[in-house]
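Hi everyone, thanks for coming. Let me put today's structure up, and then we'll walk through two parts of it.

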Amino acid sequence: MAMTVVTTTTTTRNHARGVGAVPRVGRRGGGANRMKPRVSGLTMLMKNGRSGRMETRRGAMSSSEIGETEVPGAYVDFAKRLARAAGEVTTKYFRARTLEVEDKRDASPVTIADQTAEAVMRTMVTKEHPTHAIFGEEHGIELGAGGSSEWTWVFDPIDGTKSFITGKPLWGTLIALLHNGEPVLGVLDQPVLKEQWVGVRGRVSTMNGEPISVKRCENIGDAYMYSTTPLMFEGMNAARYDTLASKVKIPMFGCDCYAYGLLAMGFADLVVEADLKPYDYMALVPIVKGAGGYMTDWKGEPLRFTADAGSLESGDYQGEVIAAGDADVLREAVATLSKTLF
């Protein structure tokens with residue numbers, strides 16, 4: 001089945017992390033566009049009335065969470081094949097002195113490596129899972145045959161394009177699979193370093209096939225915190241970030257998606273970012289959660305996305321995220337980042 005190429009419209013906001021323009025919706029096959037409404041999750045910051053500490057067990061999955069959507073093993077294997085295919089493209093261009101860099105409409109950089117890697121993955125999905133929807137940074141939203149979006153693949157072929165074009169191997173290919181808007185499978189692949197993180201709902205996350213876990217950090221003052229760049233925080237968000245940065249042990253910048261992999265392995269305690277789009281973080285949610293960590297928006301709400309260009313155009317999606325290895329650190333981060341300061 002031929003792939004529908006989805007073009008992009010103008011952006012609605014400048015994106016410090018380097019994402020593209022807001023996409024239009026395409027679809028494969030016939031049928032009406034059956035859009036599912038965006039569902040807001042319930043807060044996970046449930047407190048014990050006596051101690052005020054989180055009740056959620058570290059890394060624990062509820063029985064309903066595990067049983068509601070079992071991710072087929074074939075989908076996990078397919079995600080790994082997608083990563084291999086993308087890696088064959090991106091590594092060919094990495095540190096190539098002749099690589100040409102173009103500017104998108106939002107002034108963020110893009111290369112033929114980004115565009116080709118995503119196109120390869122989209123073609124594979126269209127061929128092998130034609131009813132699945134696709135949402136990618138470079139080519140937009142494309143619904144499955146008959147307008148389906150129950151299962152949606154979300155791609156960021158090179159998360160960290162600025163690192164890629166400057167020769168720093170801390171970028172990664174992000175591959176997520178959503179079921180009715182919830183991220184249930186995620187792959188973070190760094191093909192230069194040959195490192196691959198995999199997270200699957202209800203299972204322990206792995207890096208290169210070995211189980212990984214976050215580490216305890218009960219005091220925010222002991223936390224090592226990453227963000228991609230200080231330029232992603234503006235206005236009220238900048239003030240909130242500065243307040244949180246003053247509380248942690250060391251605030252750091254510059255790892256893009258790689259920081260979440262480090263957190264999932266217990267080498268960092270907190271990742272706080274803003275001005276993102278769903279393809280920047282959806283793949284990271286199952287990885288962090290499967291390692292015993294937590295990942296929410298700045299209000300403590302679960303991260304979700306339903307393939308709908310309208311929500312992107314209106315800005316009705318979660319653009320600020322927190323990843324934490326410890327429930328106490330998450331609670332403190334949410335309390336700080338959700339405050340109205342002026």
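So, in which sense do strands E4 and E6 pair, and over how many bridges? E4 pairs with E6 (residues 151-159) in the parallel sense, over four bridges; pairing here takes at least two DSSP bridges between two strands. Quick caveat: this is a predicted model, where local features need pLDDT of at least 70 and side-chain atom pairs count only at pLDDT 80 or more, while totals for chains, interfaces and linings use all residues. Residues are numbered from 1 along each chain as its sequence is written, and side-chain values use heavy atoms, without hydrogens and water.

Strands are DSSP runs of E with at least two residues, helices are runs of H or I with at least four, and they're numbered from the N terminus.

Back to E4, residues 133-136. Phe135 has Val154 as its bridge partner in E6. Strand E5 (residues 140-143) runs antiparallel to E4, joined by three bridges, and there Ile134 is partnered with Glu142. Three residues sit between E4 and E5 in a hairpin.

Both faces of E4 are covered: Ala133 and Phe135 are buried on one side, Ile134 and Gly136 on the other. Buried means under 20% relative accessible area, with a 1.4 Å probe and protein chains only.

Now helix H5, residues 235-245. Its buried residues include Met236, Tyr241 and Leu244. Among the elements covering them are strand E12 (224-227) and helix H9 (327-337). Where H5 meets H9, Arg240, Tyr241, Thr243 and Leu244 touch Ala333, Thr336 and Leu337, contact being heavy atoms within 4.5 Å.

How values were computed:
Buried < 20%, exposed > 50% of the residue type's maximum accessible area, 1.4 Å probe, protein only.
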